[in-house]
Amino acid sequence: MKVENEKWKTENGKLKILGKFFLAAGIFSGGLLFASCDTLQDSLSSEQKADLIEETGSASIEGKVWYYNGTASDDMSAASEKLGNDYFEQTLLVNFGKKVALDSLSGSISLTYTNKNKNLVTETYSTINGAFSQDYTGYKIDMSGVMRNFDTSSIPSGTAKLDLKIGGFKCAEESQKGRRISAFEAKNIKIQPFYNSTDYSFSTVNYSKATSKLVIPVNGSFSLENGSYKVTGTGSDSKNYTFNVSSESSQLILSPDFDTPPADGTTLDLLLTGILPQNAGDSYSKKISLSFTKYKIVIDGIKDANYEASDAVVSNDSTGDQSAFADFGHDVSSTCDINNVYVTSDDEYLYIGVGGSLAITWNDALSILVSNETATGGSGKGAEPSVKAADTEDFAAPSARAAKVRPNVYITHQPGFGGKDSASGAIAATAYVSASQSDISGVIKYAPQGWKISETGSFLEYAVPIGGLTGLNAGDNLKIIVVASLHWDDGNALSDACPDSAVTYNDSSHTSVTYNFAKGIEYKIPTSN
């Protein structure tokens with residue numbers, strides 16, 4: 001039997017196998033019947049099907065998230081237009097692994113999101129448009145129709161999900177050229193912003209062309225389309241400043257290429273290009289605004305590189321070690337898990353950064369206790385030996401809290417205060433100087449101030465003024481303990497601490513604890529920064 005159809009030509013002897021199949025399956029009642037392509041494919045062995053898919057190509061999407069070129073608060077409704085220096089063309093890439101051609105494009109996109117009235121909405125787009133990638137192994141779906149909903153009002157969160165159906169492609173290379181490729185369907189692809197902010201600050205403290213850098217965290221994996229490159233911007237002082245742009249994990253790294261930094265307060269804009277997030281069909285360009293500052297840390301909720309500089313102190317805590325309310329049988333594994341505490345300072349502020357899975361919601365709190373071992377006043381190192389978390393973490397009763405434990409600086413922060421769906425947060429801070437107590441809440445800088453319950457973060461940071469108001473001064477030796485507490489109907493309990501060794505739990509539910517400042521994080525404020 002001679003097989004003429006080009007679709008069935010294969011290599012390495014497979015034609016002979018298929019020929020035998022035709023002979024065996026086609027003889028019926030003395031006649032020769034030819035099976036359809038689909039019937040024949042169904043009859044192939046799993047090994048033969050795998051070979052066929054490999055030779056033909058199949059549709060796929062990398063990962064389960066597609067990132068758009070903006071922040072959650074950006075108006076993305078003009079997503080396919082050129083806005084200033086930003087090129088907002090955005091596409092979702094479907095990979096085939098082989099060169100493909102279109103037979104007859106078909107498919108749909110279903111977009112699901114929560115609207116401003118907090119109702120779940122699903123919209124379906126029955127037409128798909130797009131273009132092939134340069135090598136024809138991928139198809140870039142135009143997302144401009146979807147992005148018109150991201151106008152800051154229709155989808156307040158800036159996030160959504162989509163279901164994708166797409167078909168009508170055929171193989172366009174090698175032995176399977178012309179063979180149809182099965183339609184593709186993907187569900188629950190998350191749509192998220194690629195950036196958290198486009199405004200950044202660059203610290204000139206201890207500036208060094210060789211070691212200073214600006215770290216820009218982004219929300220997903222990406223590559224630089226053309227590798228590392230240089231970018232130049234003109235500052236508000238009319239001078240040009242050049243940076244080397246590179247990538248590291250999910251971070252953009254801007255390293256300065258100038259010997260002397262500009263003065264405090266100088267600003268400039270930079271156009272970053274060639275940024276290709278996972279699942280994107282086209283690279284992104286983004287204009288960022290940069291300001292130079294004399295402070296070592298900028299309190300904006302982004303972990304600055306100076307938190308890990310050689311003069312900073314970092315304390316690490318075990319992952320997944322949060323525990324409380326064992327007597328009540330509660331599972332608190334999804335609550336706040338402190339992983340790292342960072343401490344550094346400049347001439348004006350003591351900076352404390354806290355990293356981890358910071359699910360601090362409702363009335364739960366993060367507390368920072370700073371004992372000044374050098375100060376003559378206060379009783380930071382003489383705290384009462386048995387301290388109940390209900391007293392130390394009770395946000396509404398600082399006087400009762402102070403009666404139990406008196407670190408020189410006591411900060412309690414509730415990012416999800418009251419369970420409200422807002423970003424206002426709530427903070428209380430007290431200083432004990434020369435045995436007198438004062439409220440310093442108004443002078444503490446902190447970020448993020450709060451977050452929506454469904455969108456808790458991974459980093460919090462605080463700036464405590466150095467000077468007479470707080471009793472912290474250059475040359476002082478500090479001991480620092482950071483704890484997370486749960487404020488539940490069953491009481492207040494401490495669920496995690498850093499360092500762990502600085503806290504002793506007096507019961508299995510962790511509603512009574514003892515702090516040992518001698519085992520706290522040690523940090524000496526330098527006499528000169």
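**Entry 1. Terms and confidence**

I begin with a definition: two strands count as paired if DSSP finds at least two bridges between them. I note that the model is predicted. I looked up the confidence and found a mean pLDDT of 81 for the chain, with 79% of the residues at 70 or more. I marked residues 81–87, where the pLDDT is below 50; this stretch has 12 contacts in the model beyond near neighbours in sequence. I also marked residues 376–403, again with pLDDT below 50, and recorded 73 contacts there beyond near neighbours in sequence.

**Entry 2. The chain as a whole**

I counted 6 helices and 35 strands in the secondary structure of the chain. Of its 529 residues, 47% count as buried. I then turned to contacts between residues at least 6 apart in sequence, and 68% of these join residues at least 24 apart.

**Entry 3. Strands E7 and E11 and their sheet**

I looked up the pairing of strand E7 (residues 100–114) with strand E11 (residues 160–171), and found 10 bridges in the antiparallel sense. Val100 stands opposite Cys171 in E11.

Is Lys118 buried or exposed? I found Lys118 exposed, with a relative accessible area of 61%.

**Entry 4. Strand E10**

I checked strand E10 (residues 138–142) for burial: 4 of its 5 residues are buried, so the strand is largely enclosed by the rest of the structure. I found strand E6 (residues 91–95) joined to E10 by 5 bridges, running antiparallel. Strand E9 (residues 130–132) pairs with E10 over 3 bridges, also in the antiparallel sense. Ile141 of E10 takes part in both pairings, for Leu92 stands opposite it and Gly130 has it as bridge partner. The hairpin of E9 and E10 has 5 residues between the strands, and there Tyr136 takes a positive phi near 65°.

**Entry 5. Nonpolar cores**

I asked which residues touch the most other members of the largest nonpolar core. Among its 60 residues, these are Ile141, Leu164, Phe243 and Leu252. The largest share of this core, 5 residues, comes from E11. Apart from it I found another core, of 33 residues, including Ile352, Val409, Leu460 and Ala484. As a general remark, nonpolar side chains tend to be buried together in soluble globular proteins.

I then listed what Phe243 touches beyond four places away in sequence; among these residues are Phe202, Tyr229, Val231, Leu270, Leu290 and Phe292.

**Entry 6. Backbone details in other loops**

I looked up two cis peptide bonds. One runs from Ala447 to Pro448, with omega near -15°; Pro448 lies in the loop between strand E29 (445–447) and strand E30 (457–465). Another runs from Cys498 to Pro499, with omega near 0°; I placed Pro499 in the loop between strand E32 (491–498) and strand E33 (503–505).

Lastly, I noted Trp362, which has a positive phi of about 50° although it is not a glycine. Trp362 is found in the loop between strand E23 (349–358) and strand E24 (365–372).

Notes. Residues are numbered from 1 along each chain as its sequence is written. This is a predicted model: local features need pLDDT of at least 70, side-chain atom pairs count only at pLDDT 80 or more; totals for chains, interfaces and linings use all residues. Side-chain values use heavy atoms; hydrogens and water are left out. Helices (H or I, at least four residues) and strands (E, at least two) are DSSP runs, numbered from the N terminus. A nonpolar core is a set of buried Ala, Val, Leu, Ile, Met, Phe, Trp, Tyr and Cys residues joined through side-chain atoms within 4.5 Å. Buried means under 20% relative accessible area, exposed over 50%, partly exposed in between (1.4 Å probe, protein chains only). Contact means heavy atoms within 4.5 Å. pLDDT is the predictor's confidence in each residue, from 0 to 100.
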